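Hello,

Here is the structure I promised to pass on to you. Please have a look at it first, and then read my notes below.

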Amino acid sequence: MMKKVLSGLVLGSLLVTSSYIDAGNNVVEAAVINSIPNTTKVEKSYDTSFLSVTGYASLGVKDRSNYVGTSYYRTVSNGREFLQAILDASKGTVKVIEVTDVINLGWTELALNSTERSKYSFITKYPNPTNGFTNPLLMASGVSKLSISNVDGLTIFSTSGKTIKHVEIKLQGSSTDIVIRNLNFDEMWQWDDSGKHKEVGWTFIKVNGANNVWIDHCKFSIAADGMIDMENGSSNVTFSWNEFGLEATEDPDENSSIYQSIEYMEQKYAAGSLDPSTSVYYKMRNEGATKNEIMAYAAYHSKVHLVGSGDKDYTNYVSPTGVEVKDGNQRLRLTMAYNRYTNVGQRLPMIRQGAGHLFNNYFDNSTHQSVMDRVAAISKYGGDKLSRGVNARNGASIAGDTNVYNAFNEPIIGAERQGDDTGNMSAPFDELFKNAMNHSLIVNSKVTNSSGSYIGSSWDNNGDNLFTKGITWYDKSTIGKWAWSSHIVGVENMSKTNPPDTPFTFTYDYNEQLPYAYKTIPLNSVVPTVVKYAGVSKKINFSAADWLRTNYIDAYSTIEADK
């Protein structure tokens, strides 16, 4: 069955019955808007067409299946071959990189000589953590930063879900039309004994100004900082069918970062070399948590998708010579679709000024919450307790459709008016943005936590429901009014290096349409479908040419059917 929904004004949106089960098992019925205003979507059962590029990336990424068998197609099986392929891609002579084996890109393990360091100057050593390494794997491999610049059209993929390790990949502003598919990203994490997650900035991928980016069917374990971040005005970006995070288990693989890092901490604990006053590990073990319980607790990623790195980027940069760099936060556009998130804390996503659209995602923190609930010492000393979803800031707009939040306390976080959430802002931007109205909306979705379970919209009951426990309302003027973007009045005449002295004035476009149509599966199918198909090589029999395509509406490829 297929249902097409065209949503214009809020009053014209479809209404359905929603139900709320509170902590006392009382059932509350309410009417809920089940579609996002100013959008066009189709609801249908899962089929091959869901594998086509969706969202903002569909506006700019291209099919590269025609490169199979040409000189533009490169297979790589080790770090040096990968570096050479990236170099050639920047020259326009490589358009496809197929990864056929594990790619280790740590600075120490690469051991580039001086000639190679000069040749491959786009990869550099990542500075060591401020408190040193606690993961023996990373002590041996080192960590690198790799920049992909001056590339117009490139697909990096694997037909068998190979792994890239020990590197942060930065997609720079001089690059466009980048596709990354069917790859594992791993070993960018270690135990932070301060519990603050600030000792090092390791992130798997930073979309650092690049436009038209599709990251699809990949798996990301956990990293020290972000999973995938966006900054410097990146636009038309989609994350789809990916797995983010790890299940909490007391028996992780002995070769995993969690096992290796916690074993390292256990040895220090047994040797009496941890500081009892500052060591989180010492405090947990000293009050009864076992080593394996801490391993389960460690399977948590705090900060997932930062979109817009700073308040200062409120407009594009213009150089003294008059050259404009399109790096302003107002350009940021992100779609998150059909992804599985496991044991994640916040920034899902956090967006400054730009726009985000998320649909058919499954957010599940249940196994982490179980550890917190049953191990007193971990609950007492473990700081990883957040379960927060969308966070619109500085006039941003984020809308979610048909998502599932399990063991999530705050699907929406932040403030309707930015001036009521300035704790992490510095002068003068706390004052400049204080009048910005942030637009957040979740429709046709489900949230379950210790307070109950709710199916409906964040606008239900005038914004008072389980979706909105983390939001600070100002006057609720954004309820029933949806704008996909905001605009700072007169920003065209402002300078990033010399911001004005008085607060910004904002306008909002309530007539702007989402620039693409999209498909959702029904709410009751989200969990089984995403669990089955998200991640690397899941139930998909793709050839190399298949992975290089962007459209599967004709069902050309062989997909294992739902059972």
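What follows is a short tour, from the whole chain down to single residues.

Please keep in mind that this is a predicted model.

**The whole protein**

The protein contains 13 helices and 43 strands. Its C-alpha trace spans about 65 × 60 × 60 Å along the principal axes. For 563 residues, a compact globule would have a radius of gyration near 24 Å, and the 23 Å of this protein agrees with that. Of the 563 residues, 59% are buried. Among contacts with a separation of 6 or more, 72% are between residues 24 or more positions apart.

The exposed surface comes to about 21,200 Å², with carbon and sulfur atoms supplying 47% of it. As for charge, there are 52 positive and 59 negative side chains, and the centres of these two sets lie 3 Å apart.

**Helix H12**

Which residues of helix H12 are buried? In this helix, which runs over residues 526-533, they are Val 526, Thr 529, Val 530 and Tyr 533. These residues lie on the same side of H12, because the arc they cover around the axis is only 95 degrees.

Just after the helix, Gly 535 takes a positive phi of about 105 degrees.

**Ile 294 in helix H7**

Another residue to look at is Ile 294, found in helix H7 (residues 291-298). Its relative accessibility is 0%, so Ile 294 counts as buried. What does Ile 294 contact, leaving aside its neighbours within four places in sequence? The partners are Trp 191, Ile 262, Tyr 281, Met 284, Arg 285, Ala 289 and Ile 378. If you follow the chain from Ile 294 to Tyr 314, you move 20 residues along the sequence, and the two C-alpha atoms are separated by 41 Å.

**Two cis peptide bonds**

Two prolines deserve a look in your viewer. The peptide bond from Leu 348 to Pro 349 is cis, with omega near -15 degrees. Pro 349 sits in the loop between strand E27 (344-346) and strand E28 (350-352). The bond from Ala 427 to Pro 428 is also cis, and its omega is near 0 degrees. Here the loop holding Pro 428 runs between strand E34 (410-415) and helix H10 (429-432).

Asn 236 is not a glycine, yet it has a positive phi of about 60 degrees. Its place is the loop between strand E18 (228-231) and strand E19 (237-240). Is Asn 236 buried or exposed? With a relative accessible area of 17%, Asn 236 is buried, since the cut-off for that class is under 20%.

Tyr 338 likewise has a positive phi of about 60 degrees without being a glycine.

I would be glad to hear your thoughts once you have looked through it.

Best wishes

Note on methods. Residues numbered from 1 in each chain as written. Predicted model: local features only at pLDDT ≥ 70, side-chain atom pairs only at ≥ 80, totals over all residues. Heavy atoms only, no water. Helix = DSSP H or I, 4+ residues; strand = E, 2+ residues; numbered from the N terminus. Rg over C-alpha atoms; globule rule 2.2 N^0.38 Å. Buried < 20%, exposed > 50% of the residue type's maximum accessible area, 1.4 Å probe, protein only. Contact = heavy atoms within 4.5 Å. Areas by Shrake-Rupley, 256 points an atom, 1.4 Å probe, with all protein chains shown as cover. Lys, Arg positive; Asp, Glu negative; His and termini not counted. Charge placed at Lys NZ, Arg CZ, Asp CG, Glu CD. Arc of directions from axis to C-beta.
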